[in-house]
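Here are some remarks for a colleague who has the sequence and the coordinates to hand. Please read them alongside the display.

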Amino acid sequence: MTLVMKFGGTSVGSAAAMRETADLILQARDTWGDVVVIASAMGSKPVKVTDLLLQGADTAFAGDRETYPRLAGLLRDIHYEAIDGLLSPDGERQIILAEIERFVERFTSLCGAVSILGELTPRALDTISGMGEQMSVRILAAYLRELGYDSEAIDATELILTDSNFQNATPQTAGTRERTQARLLPLLDNDAIPVVTGFIGATADGVTTTLGRGGSDFSAAILGQALEADEVWIWTDVDGVMSADPRLVPGAVSIPTLSFREVSELAYYGAKVIHAKTMRPCVESGIPLRIKNTFNPTHPGTVIEEDAAPTNGALKAVTAIKGVSIINVDGKGMIGVPGIAARTFAAVARLDVSVLLITQASSEQSICFIVPESSAAAVIGSLQHTFADELRRRDIERIWSRDRIAILTIVGAGIQTTYGIAGRIFSALGDNRVNVMAIAQGSTECGISIVVAAEDVGRSVEHVHALIVNQGERDDIETG
Ligand SMILES: Nc1ncnc2c1ncn2[C@@H]1O[C@H](COP(=O)(O)OP(=O)(O)O)[C@@H](O)[C@H]1O
Ligand SMILES: N[C@@H](CC(=O)OP(=O)(O)O)C(=O)O
């Protein structure tokens, strides 16, 4: 039996966390036989190594030559402290310290080059930001060896073949399968434990790419699919997927079972606990996914599979994304004119901006959609250019945006089929003076997304969450 286990930044964030992680790896190995480990960059909150690497690159690009050397020192300290806590002086300590030192020097010289050239390409950003995982896997694998187990740190640049869409690369399934099986199966046959970098892959030319922020979960699913694993487990710092972000809602409860569709909707609309792309390889290969807490491993966490248990109540979780803008294209001259929507979204697509939610008034007098706040001005410019004639003729009266918007998403498989659900949600918001600016039924039909002003989002999450936990007697949501 093969189990792929991914450990997030907090699970490898310190020597103590890495000890817990190593215990979990060895226990799983006793039960499953073959275990493949994926690790993220060290990230004991609030300091995430990936953030430090990106900050170094960004400040160097801005011409600041003081910050990246300071960050290099911090990177060295974080990794050296873990090494000192895990590896003995008569073991591999010096060798691994020297390996980390080489990465720190590389970071410093790459940032130096960025500051001199005044150029920071997405390709350079991927090389720099992927180094956190390259450092953490070397420490974890060395610690497993120190405990007496055969283990090898592997850069996923050897396994995950991607396109060259730097920062958000797409894996190529066939090439990845071939490389992964060729590299990992012999190790597993020899009872070794591969410890693979999350987050990164490489183009056919061997250039490092990254799979998008939080992408180590996706790495685990990609490797699970490539190895035809029996299950993929994501180890993090909470008891699975919860009814809301526990950092925002202290009363959030763990959800024992969810379907792939429900989790995809939650992840897409901001639940950071799992990366939105993780589900696809698992769905394609029918591999169940489990989310568990490294720091509370006896808790069963959340199991995600196609046939999740039917729900008693309809609502399971609420999530929110901030930092988005609403864009409106309004005009009576749009009524019944074919192609307005197509031209609107073509204008957005030209900017490579992703649209998070769309609604259209039934009279076709307005199209409204949501984009990241950072893209709003460019989107407005592109739409004004596209519809210059219609604006002149006043067929389109106004193209406008509003910043400081949030999307609230409520998920649950029974949401469409249970009477009164939408009414209860809107009453909860209305009774608490939250103005609803737009609504969309989730594309996967198990969610409702509601657009509200950013200042209302905290209250909205709180009151909708109260509805979730007060749905009466339920056995699909744990309340303890
Ligand atoms: N619905 C949710 N359920 C559980 N955790 C959530 C949810 N929404 C947001 N989170 C946040 O996701 C965090 C875990 O993701 P992340 O910080 O990326 O961990 P890791 O470093 O282990 O990948 C949790 O600490 C929690 O604050
Ligand atoms: N280290 C990368 C990838 C990742 O998935 O990290 P984590 O598992 O800690 O969220 C990031 O911060 O984006």
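The points below take up a strand and its partners, a loop residue, and a helix in turn.

1. The model is a predicted one, and the remarks that follow should be read with that in mind.

2. Strand E13, which spans residues 366–372, is mostly covered, since six of its seven residues are buried. Strand E11 (residues 317–330) runs antiparallel to E13 and is joined to it by seven bridges, and within this pairing Asn328 has Cys368 of E13 as its bridge partner.

3. E13 is also joined to strand E12 (residues 357–360), here through four bridges and again in an antiparallel arrangement. In E13, the residue that stands opposite Leu357 is Ile370.

4. Ala244 lies in the loop that runs between strand E7 (231–236) and strand E8 (257–258). Is this residue, Ala244, buried or exposed? Ala244 counts as buried because its relative accessibility is 4%, which falls under the 20% cut-off. Leaving aside residues up to four places away in sequence, Ala244 touches Val249, Ala252, Val318 and His465. Val12, by comparison, is 232 residues from Ala244 in sequence, and the two C-alpha atoms are 24 Å apart in space.

5. In helix H5 (residues 122–129), the buried residues are Leu125, Asp126, Thr127, Ile128 and Ser129. Their cover includes helix H2 (49–61), helix H4 (93–117) and helix H6 (131–146), together with strand E6 (208–210).

Methods
Residues numbered from 1 in each chain as written. Chains lettered and ligands numbered in written order. Predicted model: local features only at pLDDT ≥ 70, side-chain atom pairs only at ≥ 80, totals over all residues. Heavy atoms only, no water. Buried < 20%, exposed > 50% of the residue type's maximum accessible area, 1.4 Å probe, protein only. Helix = DSSP H or I, 4+ residues; strand = E, 2+ residues; numbered from the N terminus. Pairing = 2+ DSSP bridges. Contact = heavy atoms within 4.5 Å.
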